[in-house]
Amino acid sequence: MSPELAITLTILLPAAATLLLALLDKQPNLREAVSLLTAGALFVIVLGLLQTVLDGTQPTAHWFDVLPGLSLAFEIEPLGMLFGVVAAGLWIVTALYSIGYMRGNDETNQTRFYICFAIAISAAMGIAFAANMFTLFIFYEVLTLSTYPLVAHKETDVARKGARTYLGILITTSIGFQLVAIVWTWVVAGTLDFEQGGILADKIDPTLLPFLLALYAFGIGKAALMPFHRWLPAAMVAPTPVSALLHAVAVVKAGVFTMLKVGVYIFGIDLLATTGAADWLMWLAAFSILAASIVAMTKDNLKARLAYSTISQLSYITLGMALATSLGVMGGAMHIAMHAMGKITLFMCAGAIYVATHKTEISDMDGLGRVMPFTYGAFFIGALSIIGLPPLGGAWSKWYLMLGAADAGQIIMMGVFMASSLLNIAYLLPVVARGFFMGSQIQGAYSLGATAAPSKGIKEAPLWCVVPPCLTAIGCLLLFFYAGDIYTLIEPVAFPEGTAQP
């Protein structure tokens with residue numbers, strides 16, 4: 001298979017699967033088999049492209065020209081490859097988890113759910129492999145529109161309100177800010193292609209750079225930078241597999257991935273460093289990191305707490321870019337993978353608890369850890385990775401972000417990263433502690449609906465809800481030992497030829 005065909009398949013295969021999913025509406029076993037097989041096939045294709053990129057080639061695919069010099073085209077560079085592997089790989093575990101969650105929770109409109117999910121993955125692949133800002137923007141909007149029905153899935157008044165907030169903020173920011181930034185870039189640079197070193201040097205008055213960067217930063221609403229973050233907690237009304245899609249597989253990762261692409265390939269790290277155009281963004285990201293962590297500590301609803309945690313963690317990546325150093329870019333890129341693996345584990349555990357007990361408030365979960373040890377064990381591992389403790393993957397991304405701050409001479413930003421990790425401990429570990437060490441096992445068993453509480457033994461959610469978070473928890477561990485492979489992949493972006501390495 002040629003690389004050009006493989007790129008096209010990564011986008012069209014999930015989209016084409018929606019036809020089969022629709023035809024198999026009345027045959028759930030076959031419908032879910034199609035979803036799993038498509039996810040597996042996509043991952044195999046993406047792994048084939050990964051080897052090509054690791055060999056030093058950047059595969060391309062050109063669909064068609066919209067205007068002279070403006071085309072719908074794709075080129076896989078290392079950052080896009082990383083995002084593509086994360087999205088395709090986590091789609092498999094999310095598809096597995098969706099079977100257990102949607103059936104265990106007796107959700108309606110399951111075929112619509114699987115169709116919209118597949119379209120969202122197709123859009124994520126288009127974003128990952130976009131060769132220019134125009135292509136990325138098209139798929140960015142497709143991703144927003146395809147996930148709106150997922151957020152509104154329950155069709156309650158609360159779900160519809162949350163979905164309106166989700167759609168309203170993301171569409172308003174992308175049209176009102178990001179599109180303006182794209183047009184401005186096109187006018188001054190004459191191109192929207194992603195190029196190593198950026199396309200704006202000597203093309204725009206340096207005093208205008210912070211304003212252009214602000215249009216991008218606030219226009220990329222999926223990065224959930226404050227004050228345009230409210231869509232993320234509002235979307236928590238969606239089923240948990242959708243939360244996994246939003247927080248780990250596609251949506252927010254598309255946002256921070258776009259933020260990195262803009263910093264590296266539109267502005268260029270050297271231009272940001274020499275002009276100081278991203279200094280204000282650095283401080284805003286730092287504020288978002290700390291403020292969202294503090295708000296997370298006040299939330300008793302588990303998914304809301306995790307949502308504010310995501311807002312905080314996303315700003316790590318934005319801050320990594322705004323530091324305008326090679327190490328900051330490396331740390332930000334690594335955090336895309338590390339946070340995705342950790343956070344999808346936490347959300348799937350929250351969903352397993354909900355399927356088993358229909359409980360959403362942390363204060364109602366005392367003692368559950370002793371009845372659901374696999375779920376709570378996976379949550380514990382995911383939490384440690386988010387905190388950044390070894391031997392879990394999150395340790396490496398925070399390590400490089402700290403090095404990036406030190407390299408930029410930003411001692412206060414180093415303090416922000418350290419303070420944030422302490423806040424992570426304060427809002428994540430009490431969930432585990434209450435589950436294992438507070439309340440009684442009998443109380444936990446009654447929470448699971450047992451008519452006669454067992455004095456010993458375990459009672460987990462259905463198997464399909466427990467195995468996926470256990471797998472991603474193992475993934476958090478593996479990422480610690482294989483972080484060097486991510487470093488090797490991102491190295492040409494963070495340390496282009498001629499750049500000194502640490």
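Visitor: What makes up the lining of the largest pocket, by class?
Guide: There are 18 nonpolar, three polar and one charged residues in that lining. Here Ala, Val, Leu, Ile, Met, Phe, Trp, Tyr, Cys and Pro count as nonpolar, Asp, Glu, Lys and Arg as charged, and the others, Gly among them, as polar. Keep in mind that this is a predicted model, where local features need pLDDT of at least 70 and side-chain atom pairs count only at pLDDT 80 or more, while totals for chains, interfaces and linings use all residues. Residues are numbered from 1 along each chain as its sequence is written, and side-chain values use heavy atoms, with hydrogens and water left out.

Visitor: How much space lies in the largest pocket, and which residues are closest to its centre?
Guide: About 710 Å³. Its lining has 22 residues, and Phe43, Val85, Val86, Met341 and Leu479 are the closest to the centre. Two or more residues each come from helix H2 (28-54), H3, helix H14 (326-357), helix H20 (463-481) and helix H21 (483-494). H3 gives the most, seven residues. Those helices are DSSP runs (H or I, at least four residues), numbered from the N terminus.

Visitor: What makes a space a pocket, and what makes it a cavity?
Guide: On a 1 Å grid over the protein atoms alone, a pocket is an open set of points with protein on both sides within 12 Å along at least five of seven lines, a cavity is a set where a 1.4 Å probe fits but cannot get out, and lining residues have an atom within 4 Å of a point. One cavity of 30 Å³ or more is counted here. The largest cavity has a volume of about 50 Å³, and it is lined by Ser35, Trp91, Thr94, Ala95, Ser98, Phe113, Tyr114, Phe117 and Ala118. Helix H3 (78-104) and helix H4 (110-129) are the elements giving two or more residues to that lining. By class it has six nonpolar, three polar and no charged residues.

Visitor: Which residues lie nearest the centre of the second largest pocket?
Guide: Met236, Ala238, Lys303, Tyr354 and Thr360, out of 19 lining residues. This lining has 12 nonpolar, four polar and three charged residues, and its largest share, three residues, comes from H14.

Visitor: How do you know which residues of H14 and H17 meet?
Guide: Contact means heavy atoms within 4.5 Å. Among the residues that meet are Leu327, Met334 and His335 in H14, and Trp396, Tyr400 and Asp407 in H17. The residues of this contact divide into eight nonpolar, seven polar and two charged.

Visitor: What is the arrangement of H13 and H18?
Guide: The axes of helix H13 (residues 302-322) and helix H18 (residues 411-437) come within 12 Å and cross at roughly 160 degrees. H13 and H18 are therefore roughly antiparallel to each other.

Definitions and conventions: Axes are lines fitted to C-alpha atoms, for helices over the stretch in contact, and angles run from 0 to 180 degrees between N-to-C directions. Angles under 35 degrees count as roughly parallel, over 145 as roughly antiparallel, 65 to 115 as roughly perpendicular and the rest as oblique. Grid points are joined across faces, edges and corners, and a volume is the space filled by probe spheres set on the points.
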